[in-house]
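Here is a short walk through one protein chain.

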Amino acid sequence: MGGTLIIDRAQFIRTAKASSGGKNVIAVVKNNAYNYGLKFSVSAFLEAGIHSFATTSMDEALTIREMAPDAMIFLMNPTYDLEMVRRNDFHITLPSLEYYYKYRDDLTGISIHLEYAGLFNRSGFEDASDMVEVINDAYALPPHARADIAGIWTHFGYADELDMQEYEVERKMWLDLLSTVMNTGHTFKYIHAQNSASYARDGLFEHHTHLRLGIALYGSRPYATLPASDYEQSMTLKAPIVQLRHLRASQKCGYGGSYEPHEDASIAVVDIGYGDGILRKRAEFDCMINGRRYPIKALMMSHMIVEVDECVDMEDEVILYGNDLRIDEFTALGVGANSEQLGALNYNSLKKVIINDTGVYQ
Ligand SMILES: Cc1ncc(COP(=O)(O)O)c(C=O)c1O
């Protein structure tokens with residue numbers, strides 16, 4: 001039967017509302033909405049009052065457009081299929097001056113957001129002067145022949161790193177650049193820079209029209225000192241026990257005899273493994289059965305060995321993630337970023353169950 005991913009839809013919506021604090025949000029739904037499921041997440045976000053979405057994938061953007069004809073859909077990667085963009089009224093990033101001049105004619109009427117590289121430096125303009133050049137160039141063209149300079153944005157590379165000073169530096173660089181570009185007199189409909197961590201640290205910056213949130217909307221704290229009650233996790237990952245066995249002291253089990261109890265032990269063989277997306281580092285920590293924590297002793301492709309006691313029965317469920325075993329708890333323990341743990345989950349092998357408002361399983 002394998003592992004099951006359960007999402008409580010009503011809680012997902014409550015969390016999306018609570019974590020964005022009533023501000024305008026562009027929901028980051030890339031990578032299958034952090035693996036909560038693109039269609040599920042977009043429909044729940046719409047219900048939570050969020051009507052702007054960002055992704056890196058054209059396929060995901062097309063799926064969102066089918067679901068939300070009026071939504072603002074922002075493609076964060078440089079995009080070259082501009083006919084598709086125009087047909088679907090997508091907004092796209094403008095990653096450089098070179099891109100602008102190369103595609104200027106094709107960009108006519110398309111909504112572009114000027115991207116600042118900043119310290120993150122994955123993509124984008126390096127300084128304000130090139131952005132100002134784009135604005136001046138566009139205004140020199142007749143209105144029907146120019147791109148719609150709808151937005152300006154950046155992404156911080158250090159907002160999640162509380163122990164590093166660089167966030168203050170990149171924040172200042174961005175705010176200085178923004179004020180220079182705004183001095184042109186051009187009005188942007190979208191000014192967005194802040195991810196979950198930056199918003200938690202600073203609130204919404206002045207002049208910014210939107211937050212651009214991912215992980216907080218999905219119920220994980222961007223860093224561990226924030227109160228968990230503000231970021232309720234709507235997802236539970238569980239798996240059944242396929243066998244209860246006893247091992248004698250020093251009787252090894254697992255590949256290469258990876259688990260060897262020092263004394264006689266009871267073990268549960270659990271129907272989930274790294275093939276389902278359980279990170280090896282995650283398996284260094286406990287799972288939960290009947291509200292009690294038990295250590296995972298070995299991880300295989302489709303199975304896990306858990307050391308249990310006489311309280312555990314075959315019918316019991318083994319919880320890998322849940323409200324008492326939060327993704328962000330394991331992030332703080334060094335298992336990997338929140339999005340890394342979520343992104344690893346295997347949608348092909350895990351069964352997915354959505355609990356809807358009436359408690360009925362879909
Ligand atoms: C460009 C961009 N903006 C916003 C986000 C959202 O970040 P977070 O999940 O930390 O809120 C991401 C996530 O990777 C991103 O790549």
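Two residues are in contact when heavy atoms lie within 4.5 Å. By that criterion, look at the contacts in this chain with a separation of 6 or more: 64% of them join residues 24 or more positions apart. Bear in mind that the model is predicted.

Now take the whole chain. It contains eleven helices and 16 strands. The C-alpha trace spans about 80 × 45 × 35 Å along its principal axes. Of the 362 residues, 52% are buried, with under 20% relative accessible area as the cut-off.

Charge comes next. There are 32 positive and 49 negative charges, and their mean positions are 2 Å apart.

Next, zoom in on helix α8. It runs over residues 166–182, which makes 17 residues. From first C-alpha to last it reaches 24 Å, close to the 24 Å expected at 1.5 Å a residue.

Which residues of α8 are buried? They are Tyr167, Glu170, Trp174, Leu177, Leu178 and Val181. Look down the helix axis: these buried residues fall within an arc of 105 degrees, so they line one face of α8.

What do the buried residues of α8 pack against? Two helices take part, α7 (128–140) and α9 (196–202). The strands are β6 (111–116), β7 (148–154) and β8 (190–192).

Methods. Residues numbered from 1 in each chain as written. Predicted model: local features only at pLDDT ≥ 70, side-chain atom pairs only at ≥ 80, totals over all residues. Heavy atoms only, no water. Helix = DSSP H or I, 4+ residues; strand = E, 2+ residues; numbered from the N terminus. Expected span 1.5 Å × (residues − 1). Buried < 20%, exposed > 50% of the residue type's maximum accessible area, 1.4 Å probe, protein only. Arc of directions from axis to C-beta. Lys, Arg positive; Asp, Glu negative; His and termini not counted. Charge placed at Lys NZ, Arg CZ, Asp CG, Glu CD.
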